[in-house]
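Hi,

Here is the model I promised to send over. Have a look at it first, then read my notes below.

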Amino acid sequence: MWDDLLSNIAVVAITTSLWTLTYRKLSLMHERYQALIFGFVMSTGVLAVMAIPFQFRDGIYLDTRYTFLALSGYFGGPWAAVLPLLTSVIRRITIGGTGMSVAIPHIVAASCFGLFGFFARRKAIPSLGSLMWLSCLVALSGTAGFYYVFPGGMWWNLTVETVLPFAGILFAATFLAATALTQELHRHAATVENRVYRAIIEALPDCLNAKDTEGRFIVANPATAKLMGAKTAADLQGKTDADFYSADTAAAFRRAELDMMERAEPTRLRQNFMTVEGHETWLSTLKAPLRDRKGHLVGLITHNKDVTEQHKLEVALAETKARLENAVASMADGLAMFDANGRLLFQNDKHTELFPLTSDQRQPGAHLRDIVSASLVRGEISTDGGCLETSIDQTTNTLLKPGNRIFPLANGRWVETRTRPSADGGVTIVFSDITDVRQRERELSQLNARLAALADTDGLTGVINRRAFDRGVEKAVEDATRDGTDIGLLMIDVDRFKAFNDTYGHPAGDQCLKRVAETINTLLSKSPGVSVARYGGEEFAVILPGMGAKETLDVAHWICRAIRDLSLTHVGSEKGFVTVSIGAATWRDSQGRDIGQLLRRADEALYHAKTAGRGCVRGLDAAKAA
């Protein structure tokens, strides 16, 4: 029995060792593939121990398969547990015997206990207590069935002679194997963590290194090697600052290290030195004590940040501050600083130049309310004619609130104030004369208005163009929808215009279109809201807000007669003079009151006017002359 028992335990140990030896390489694989390989290894162990069972007592053969079943589920999850479970069940069915009805539930129970532990730990590294619980459950899964097989009268001897010893074997085998696997997880986690830390340190742009108490480098990152002129960080190990810097620089660095170690607490300081190339370098340095596990000082950790550029900026900032103080005195804008109580602390010359009527009041120590009061009383700032005290309070409060404001002076000039709060509760106010800017803004606004009008105007005829017409139709529909009114639309086409161009030339054709547009525009100039547009080529469109079908047709006839009355000779037309065909439609009569449908109905009516012989009007009913 002992030989077979030791063989079972050896299989557990060998299988566990095999997995721990290969785990680091397998850890690079996907978790599911790791689990499948782990399950395969555990299945091999299952087959091995089931092939060499040990006889615990007469007729009772046992093995440590339950350890493998539980470990596969506990450490590998469902993907790892399936193969050992199937292997155990198939192998046990193949062996046969009277104990099959008990063995298979034992097998399933061991796998279930392992899986339960897997989901309970949620991929965390198992604790010692959880491993003991798992070992107890494995021992239970491998022995509980004995009490089902044997009668109660044999339970005492069964417990003493079989259950407890076998449970102890299962417990020990499971606990030792699980402990070994857990230790490997700890080692792997530590390796990954160290790798991450190392990658972070090496990628750190700042210098980070550790020295012993004698100032010799123990470890350093590449940034430290670069700063000190070494090829690699490994070249620094065992060396000191004296191997890379001048004697004076190295001595200064060493004094700072000794001072920190003497006080045994972190120290932050700024250091500067000359590089081999002769460049002055400034470092922001943090030195901290390095201690062993017992708390003894064994060296120091140094973090250096190159702040040379920052130092240069600080120097430049100081110079800039001095220049700024000089510039403020001669700046083009007025500057005034008030404290938290509203009293003037500082002003430049331009401030008093902007307000000559109250320059005597604008002196350090004067309250802003008194300055505003003098400006209003002396007519320097325009008032709205209301209560003087109210105007003083409103103007004072407005100037003290952060923000930008624009107000006119009584002399016709405009001033913009920009109020910004300061850290002490006061405010800084910048006064800018923007009279010229306001004048240019007005001129620009007028120019933009003219450009907008040109963009919406047809260059030849002077009426609005197609883009403006589209917006006009949409606006007319919005107004009609809101007011419950109708809209009339006329589509007008100059008859035989191509023949006119061919006969008289394009310049004459342009003049013809201009006459037509002027005539229509003149006829409708006194009608409010009416828009005349050049729709395209020789085609015009007229929007008639508020007009129904009858009014729309009346306007169409009016235009048709007016163009005919121009008596513009046109030998290419069957009429002998220039005529127009007009299609009329109204919004309410268009299907669904849709803009597109309105345009289509008017265009359709125009088509019928042309087919009816031109020089006429057709309304919504295409079959009836209007």
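The model is predicted, so local features need pLDDT of at least 70 and side-chain atom pairs count only at pLDDT 80 or more, while totals for chains, interfaces and linings use all residues. Residues are numbered from 1 along each chain as its sequence is written, and side-chain values use heavy atoms, with hydrogens and water left out.

Let me start with helix H16, residues 466–483. Helices (H or I, at least four residues) and strands (E, at least two) are DSSP runs, numbered from the N terminus. H16 has 18 residues and reaches 25 Å from first to last C-alpha, close to the 26 Å expected at 1.5 Å a residue (the expected span is 1.5 Å times one less than the number of residues). At its start, a side-chain oxygen of Asn465 comes within 3.4 Å of the backbone nitrogen of Arg467. After the helix comes Gly484, with a positive phi near 70°.

Which residues of H16 are buried? They are Ala468, Phe469, Val473, Ala476, Val477, Asp479 and Ala480. Buried means under 20% relative accessible area, exposed means over 50%, and partly exposed is in between (1.4 Å probe, protein chains only). These buried residues pack against strands E13 (487–494), E14 (531–536) and E15 (539–545), and against helix H20 (595–611). Contact here means heavy atoms within 4.5 Å.

Asp479 also has a salt bridge to Lys475, at 2.8 Å from N to O. The two sit four residues apart in H16, so about one helical turn separates them. An α-helix has 3.6 residues a turn, so residues three or four places apart point the same way. Lys475 itself is partly exposed, at 44% relative accessible area.

On to the other salt bridges. A salt bridge is a side-chain nitrogen of Lys or Arg within 4 Å of a carboxyl oxygen of Asp or Glu, and by this rule the count comes to 28. Arg534 and Asp458 make one of them, at 3.4 Å from N to O. This pair links distant parts of the chain, with Arg534 in E14 and Asp458 in the loop between helix H15 (435–455) and H16, 76 residues apart. Are Arg534 and Asp458 buried or exposed? Both are buried.

Asp393 and Arg369 form another salt bridge, with their closest N and O atoms 2.9 Å apart. Asp393 lies in helix H14 (residues 388–400) and Arg369 in helix H13 (residues 368–377), so the pair ties together parts that are 24 residues apart in sequence. Asp393 is partly exposed at 34%, and Arg369 is partly exposed at 26%. There is also a network of salt bridges linking Lys211, Asp241, Arg254, Glu257 and Lys287.

Thr15 is in helix H1 and is buried, with a relative accessible area of 9%. Leaving out residues up to four places away in sequence, Thr15 touches Val41, Met42, Gly45 and Phe68. Arg65 lies in helix H3 (residues 65–76) and is buried too, at 7% relative accessibility. Beyond four places in sequence, the contacts of Arg65 are Val46, Val49, Met50, Arg92, Ala103 and Ile107. Arg65 and Val49 are 16 residues apart in sequence, with 6.3 Å between their C-alpha atoms.

Back in H20, Asp603 is partly exposed, with a relative accessible area of 40%. Asp603 touches Met491 and Glu539, not counting residues up to four places away in sequence. From Asp603 to Arg195, 408 residues apart along the chain, the C-alpha separation is 79 Å.

Finally, two backbone spots to check. Ala264 is not a glycine, yet its phi is positive, near 60°; this residue is in the loop between helix H10 (247–263) and strand E5 (267–274). Arg614 also has a positive phi, near 70°, and is found in the loop between H20 and strand E17 (617–618). Ala264 is partly exposed at 33% relative accessibility, and Arg614 is partly exposed at 22%.

Cheers

Note on methods:
A polar contact is a pair of N or O atoms within 3.5 Å; within protein, one must be able to donate a hydrogen and the other to accept it, and residues adjacent in sequence count only if both atoms are side-chain atoms.
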